[in-house]
Every structure is written in structure tokens, then in C-alpha cells.
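This report goes through one structure, from a single residue to the chain as a whole. Please keep the model open while reading.

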Amino acid sequence: MCSRLFGLLVWMILSSRCTSAVWGADLVVDPVVLTQLRTTAEEDWQAIEREQRSFDVSFIYKTKYVQRDGTIQSPEDIHYQLAYDADRKVALLRMQSKTLGQGIQHTIANSRYDFRILAKVMTERGTLNHVHVADPLEIDPDFDEGLPTWDGRRCSLVAACRLGCTPLRDIVNSALFEPIEAVRWSEMGQERLRFSAKYLGEQGSVGRKGGIYTLVFDPSHNHRIMSWAIDVLPSRHEKVSVSYFSDNSISAPHETVYIVDSAGEMSEQTWTFDRPKPCTIPDAEFYLPHYGFSEAVLETLHPNPWPRWLLIGFGIVTIAIGAWLFRGRRQPAA
């Protein structure tokens, strides 16, 4: 515990020094590095996104809060299974923690709807707590490719090419981010690229108004991100560090650590992943009937009943015309 607190204190000191340098010093924007991030790196990030279009992985989520008086709160660890297949448009998140007793919460999505079920064991029918019918016109930052990110938990698995849920290309190529540094250097014998930019937009889900963004990349492995930080003067600092599997065979992270220091209070969130595998879960497990519930419940939730009634009316008219034609063909000619 003491070692972790010491590490947090060291990070706060280094972060404040880094912030002073970013805001006060004359930084260098190397055009070669900037071009590399906007061309070669973007191609690498797209390759990482393709690699992560289908996966099934288990992970543990830990949190810690340090209040101004030094009080530490460490809620229980939560165990997750996360599966996702972008081509089939299906995803699921299974959560197990002591607050659920011995139960398992299934949060599942497909191209037509998403739902949540709480069950004591995997094979039990459970209780249906939530159903939401998909709306093609719905624009929601918590959705990615039409599927929910579940408060960013899915984005954590693509941390190599995203800042939160924001693709890195939307930062290095966006007019809302003014580059103030782009350099190449060596860290413990490993080549690194550092890119810093000032966010010019308004406060929102993507940006921190007036924030300085600093990102560190590993060009030797698909320009994957090693760390990023957001500094908003005078008193808010955010930082993420990412570590990968030692054999570097995949771009999925082994662990990501997100730290926020705001006005003397600090929070730390850690995701520790097992090695992911392709998603081979059958299609049926992403739909209500697999869990013993009829999809008839969707009829009462559909946002617009008119298409259904138009389809019924069209069917009635089609049957009537068909009967009339058949009757005319059977009548003898005069």
C-alpha cells in the first residue's frame, strides 16, 4: 500500500514538472515526426482496430480513491468477461462482484436491441432488468460501431490506438488540437515519439477545455500508445499508462492504469487483461430467447409503430389482390 502511495506521489511531482514545461517552455515540432504520426502511424492504428474487431477476454477492474485528508477507499475488485464481434454486430459484458452476491450480470447487445439480465448462475433464467430497442438515428458517444462501449470498458481493450474512446487519428489530425510538440527520443534504449497539443474546443466527452494533451508512442510496434496525459491548469491532471504482453505478439494491452488528480483528490483505475482470443460465442447467446425470454417484449418498446402497421396493411392488400386475380382466372369466359 505504501509503495503504491509513494508511486502516486512521484507521479504528481513529475506531472507538475511536465505541465510547467509544456505550458512555459519553447517546444519543438519536428515536421518529420508530425508527418509520420499523420501517415504511417495512422495506418498502423487502423491495423490495430482491425485486429480488435473480434475478441473474447476476461479482465479484472480495480479502483482506489485518495481523499484530501489522506483517507483511502478501495472498493472490491470486479471480474468481467467481454466479448465483441464487429462484423456480426454482437457484444456482451458479464460482470461478477460481491455486491451482486454470487450472481452474474449479463449486459448484451446485438444489431436490433440490447438488454441486461441478472442471474445467480450462468444456466439460470434470471431477471430481465433492461431492454432497449436500437434506433438507427441515435447518436451516442457511448456507442461504437452501433454497439455500446459500456462506459469505456470496451475502449480499454483498444487502448493501443485510442485515448479513452477517441481514435488517435482524431487527435493528431484534428484542427481542434494545435500541435505544440512532436519529437523523437530514446527511452531505455527504445525509440519513442512524443506529441503534445493544446485542445482548442469546448468541454465535452472528447475534449478538456484548455487542456494540454501529451501522448507517447512506440513506433517499433505499430505506433501503439505507451502513455497519455491531459493537464488542465491549475489543478487537474489525468494520466494513463499502458503495458503490453512481453512477447509483443498482439496489440491488446496487458494492463492499463488511469489516474486522475483533481484539487487534491486522486483516483486510480486499473484494468488487468488476460490474453484475448477471437470471439466464437454462438449468435444465439446474444439474443433474448437464449435466456428464456420472448422477443415479443420488443413490440411494446419499438419507438415507432407505423412501419409495423404499414407492413401489415401491405400484406392485407397483397392477399386481397391475389384472391381477386385468382377468382377472375377461374370464371368462365362469356
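## Aspartate 261

Aspartate 261 is part of strand β17, which spans residues 253–262. The model is a predicted one. With a relative accessible area of 8%, aspartate 261 is buried, because the limit for that class is under 20%. Valine 66 is 195 residues away from aspartate 261 along the chain, yet the two C-alpha atoms are separated by 9.3 Å.

## Confidence and overall make-up

The chain has a mean pLDDT of 81, with 75% of its residues at 70 or more. Residues 1–24 have pLDDT below 50, and this stretch makes 34 contacts in the model beyond near neighbours in sequence. Residues 305–311 are also below 50; for them the corresponding number of contacts is two.

Six helices and 18 strands make up the secondary structure of the chain. The chain has 334 residues, of which 42% count as buried. Among contacts between residues at least 6 apart in sequence, 50% join residues at least 24 apart.

## Nonpolar cores

In soluble globular proteins, nonpolar side chains tend to be buried together. Here the largest nonpolar core holds 55 residues. Those that touch the most other members are Trp45, Leu163, Phe195, Leu215, Phe217, Ile225 and Trp228. Strand β15 (residues 224–232) gives this core its largest share, five residues.

## Helix α2

Helix α2 covers residues 31–38, and Val33, Leu34, Gln36 and Leu37 in it are buried. Viewed down the helix axis, the buried residues of α2 lie within an arc of 160 degrees, so they line one face. Pro31 and Val32, on the other side of α2, are exposed.

The buried residues of α2 are covered by elements including α3 (40–51), α5 (169–172), β12 (177–187), β13 (190–199) and β14 (212–218). At the N-terminal end, α2 is capped by aspartate 30, with a side-chain oxygen 2.9 Å from the backbone nitrogen of valine 32.

## Arginine 162

Is arginine 162 buried or exposed? Arginine 162 has a relative accessibility of 5% and therefore counts as buried. This residue is in strand β10 (residues 162–163). The side chain of arginine 162 forms a polar contact of 2.9 Å with the side chain of glutamate 49.

## Two loop residues with positive phi

Lysine 89 is a residue other than glycine with a positive phi, near 60 degrees. Its place is the loop between β3 (78–85) and β4 (90–96). A relative accessibility of 31% makes lysine 89 partly exposed.

Asparagine 248, in the loop between β16 (236–244) and β17, likewise has a positive phi, near 55 degrees. Asparagine 248 counts as partly exposed at 32% relative accessibility. Strand β17, at one end of that loop, is the strand in which aspartate 261 lies.

Notes: Residues numbered from 1 in each chain as written. Predicted model: local features only at pLDDT ≥ 70, side-chain atom pairs only at ≥ 80, totals over all residues. Heavy atoms only, no water. Core = buried A, V, L, I, M, F, W, Y, C linked by side-chain atoms within 4.5 Å. Buried < 20%, exposed > 50% of the residue type's maximum accessible area, 1.4 Å probe, protein only. Helix = DSSP H or I, 4+ residues; strand = E, 2+ residues; numbered from the N terminus. Polar contact = N/O pair within 3.5 Å; in protein donor to acceptor, adjacent residues only side chain to side chain. pLDDT = per-residue confidence, 0-100. Contact = heavy atoms within 4.5 Å. Arc of directions from axis to C-beta.
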